[in-house]
Structure formats: C-alpha cells, structure tokens
Amino acid sequence: MTFSVPKNWHTIFSSDDGMKLIITEAAGSIFHSVDGGARWYEKLSPGNKGWNVIAASNNITKLALGVTNQYLFTSADYGGLWEENIFSGKKIWSLLEFSGN
C-alpha cells in the first residue's frame, strides 16, 4: 500500500530493529509493516471507534486501545482481531503502557 493522500498521523511505534512498524491515523485506521515500511497493511480500530490512546508491546505485535467512555480493547496480531475487555470498566483513557512483550 502506498499513501497517495496526506494523512493526519497520530502515533508511530517501531521494533528495536526497525523492521516492525505501526502507524496510526487520527481518523482511526492503524497500519502495520513487518518489512521496515516497504509494504503496509491497514487495520481498522475495533468497531471503527474513535480511540484516544494506543500502546504497543516491544515487539509491536500486541496493541491496546482506549476508547473514550468505553472499554479497553486489545489485539495480539497487529490489530487484526480485537477483544473488548469489559473487566476494565468504561473510562476516559489518557495513558496506556506495555511492559515487555
């Protein structure tokens, strides 16, 4: 995928070797690359909801999204499948962090 239209980028994550990348767009799309940015794959946020904070594990495979006044969403496959974590309760998310992978 090439980006022919300027995007309103929100966040970028990189693995230590720079080969795995995640970039996020303010409109909700998430893009990942496993070859240093040569090819990109688009993933939509869960339910295409407007999230306000995102975190990635050190190896970039696991993601967590906080959606305002909603639950925490997690993914273990670059954002391919999302799980809604109702145990977290509905919150106004402002910061998420991973510890390791």
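**Ground rules.** The model is predicted, so I note that local features need pLDDT of at least 70, side-chain atom pairs count only at pLDDT 80 or more, and totals for chains, interfaces and linings use all residues. Residues are numbered from 1 along each chain as its sequence is written, and side-chain values use heavy atoms, with hydrogens and water left out.

**Entry 1, the β1 to β4 sheet.** I began with the strands, which are DSSP runs (E, at least two residues) numbered from the N terminus. Four of them make an open, antiparallel sheet in the order β1-β2-β3-β4. Here β1 and β4 (41-44) are the edge strands with a single partner each, so one side of each has no neighbour in the sheet. From one strand to the next, the twist averages 20°; axes are lines fitted to C-alpha atoms, and angles run from 0 to 180 degrees between N-to-C directions. Two strands count as paired if DSSP finds at least two bridges between them. I found four bridges between β2 (residues 21-25) and the antiparallel β3. One residue I followed across was I23, whose bridge partner in β3 is F31.

How many aromatic pairs does the structure hold? I noted one. W9 and F31 form it, edge-to-face, at 5.7 Å centre to centre with 80° between the planes. For the cut-offs, rings of Phe, Tyr and Trp (its six-membered ring) pair if their centres lie within 6.5 Å; planes under 30 degrees apart count as stacked, over 60 as edge-to-face and the rest as tilted. W9 belongs to β1 (residues 9-14) and F31 to β3 (residues 29-33), so the pair ties together parts 22 residues apart in sequence. I use buried for under 20% relative accessible area, exposed for over 50% and partly exposed for in between (1.4 Å probe, protein chains only).

I then turned to another open sheet of four strands, antiparallel and ordered β5-β6-β7-β8. Its edges are β5 and β8, each with a single partner strand, so one side of each is left without a neighbour in the sheet. The twist averages 25° from strand to strand. Five bridges join β5 and β6 in the antiparallel sense, and A55 stands opposite A64 in β6.

I60 sits in the loop between β5 and β6. Its phi is near 70°, positive although the residue is not glycine, and I60 is buried at 2%. T61 is in the loop between β5 (51-56) and β6 (63-67) and is buried at 15%. Which residues does T61 touch beyond four places in sequence? I listed K20, S75, A76, D77 and Y78, with contact meaning heavy atoms within 4.5 Å.

Y78 lies between β7 (72-75) and β8 (83-85). Y78 also has a positive phi without being glycine, near 60°, and is buried at 15%. G79 is in the loop between β7 and β8 and is buried at 2%. Leaving aside neighbours within four places, I noted G79 in contact with K43, L44 and L63. Last, I checked G79 against T61: 18 residues apart along the chain, their C-alpha atoms are separated by 8.1 Å.
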